[in-house]
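Welcome, and please open your viewer. We will go from stop to stop, selecting a few residues each time and looking at what is there.

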Amino acid sequence: WDQMNDIANYLKYYFHCDVQKLLKRTENFQQKKLSKEERLYSKNKYVVKNENLPLPKKILLIDDIMTTGATIESCGILLKNNGATEVCALVLCGVD
């Protein structure tokens, strides 16, 4: 089940948000299978999906769960390095 896809569709349909999938994974792995230490050091696992298109200036990243913040941090840096001027994050659940 892709809960993030469901959330994106909900935002698009009910709030008329411009939902875009701007990033893609460079490796076929799941973060949930990594330890906390492995998550902290597993950076640069994403790339901009279409480098030929300019990114929106303001981006809201939405993540279903955050454990270390490493994914949001690396994605935010990647988006800013590729032209976004403001990147914010919305996390639905956090884990200690």
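Start by selecting Met66, which counts as partly exposed because its relative accessibility is 33%. On this scale, buried means under 20% relative accessible area, exposed means over 50%, and partly exposed lies in between, using a 1.4 Å probe and protein chains only. Met66 sits in strand 3.

Before the next stop, a word about the model. It is a predicted one, in which local features need pLDDT of at least 70 and side-chain atom pairs count only at pLDDT 80 or more, while totals for chains, interfaces and linings use all residues. Residues are numbered from 1 along each chain as its sequence is written, and side-chain values use heavy atoms, with hydrogens and water left out.

Next, show the protein chain as a cartoon. You can find three helices and four strands, and from the N terminus on they run α-β-α-β-β-α-β. Helices (H or I, at least four residues) and strands (E, at least two) are DSSP runs, numbered from the N terminus. Of the 96 residues in the protein chain, 26% are buried.

Go to helix 1 and select Ile7. Why is Ile7 called partly exposed? Its relative accessible area is 25%. Select Ile62 as well: Ile7 and Ile62 are 55 residues apart in sequence, yet 9.0 Å apart in space, C-alpha to C-alpha.

Stay with helix 1, residues 3-15, and pick Tyr13. Tyr13 counts as exposed because its relative accessibility is 60%. Patches are made of residues with over 30% relative accessible area and no salt bridge; like charges are joined within 9 Å, and nonpolar side chains (Val, Leu, Ile, Met, Phe, Trp, Tyr) within 5 Å. A salt bridge is a side-chain nitrogen of Lys or Arg within 4 Å of a carboxyl oxygen of Asp or Glu. The areas come from the Shrake-Rupley method with a 1.4 Å probe.

Now select His16, in the loop between helix 1 and strand 1 (23-25). His16 is not a glycine, but it has a positive phi of about 55 degrees. His16 is exposed because its relative accessible area is 69%.

Which residues gather in a patch of positive charge on the surface? Select Lys12, Lys21, Lys24 and Lys49 to see them. Lys49 lies in the loop between strand 2 (46-48) and strand 3 (58-66), and with 45% relative accessibility it counts as partly exposed.

For the last stop, select Cys17 and Cys93. Cys17 is partly exposed at 33% relative accessibility, and Cys93 is partly exposed at 44%. How many disulfides does the structure hold? There are zero, where a disulfide is a pair of cysteine sulfur atoms within 2.5 Å.

Conventions. Lys, Arg positive; Asp, Glu negative; His and termini not counted. Charge placed at Lys NZ, Arg CZ, Asp CG, Glu CD.
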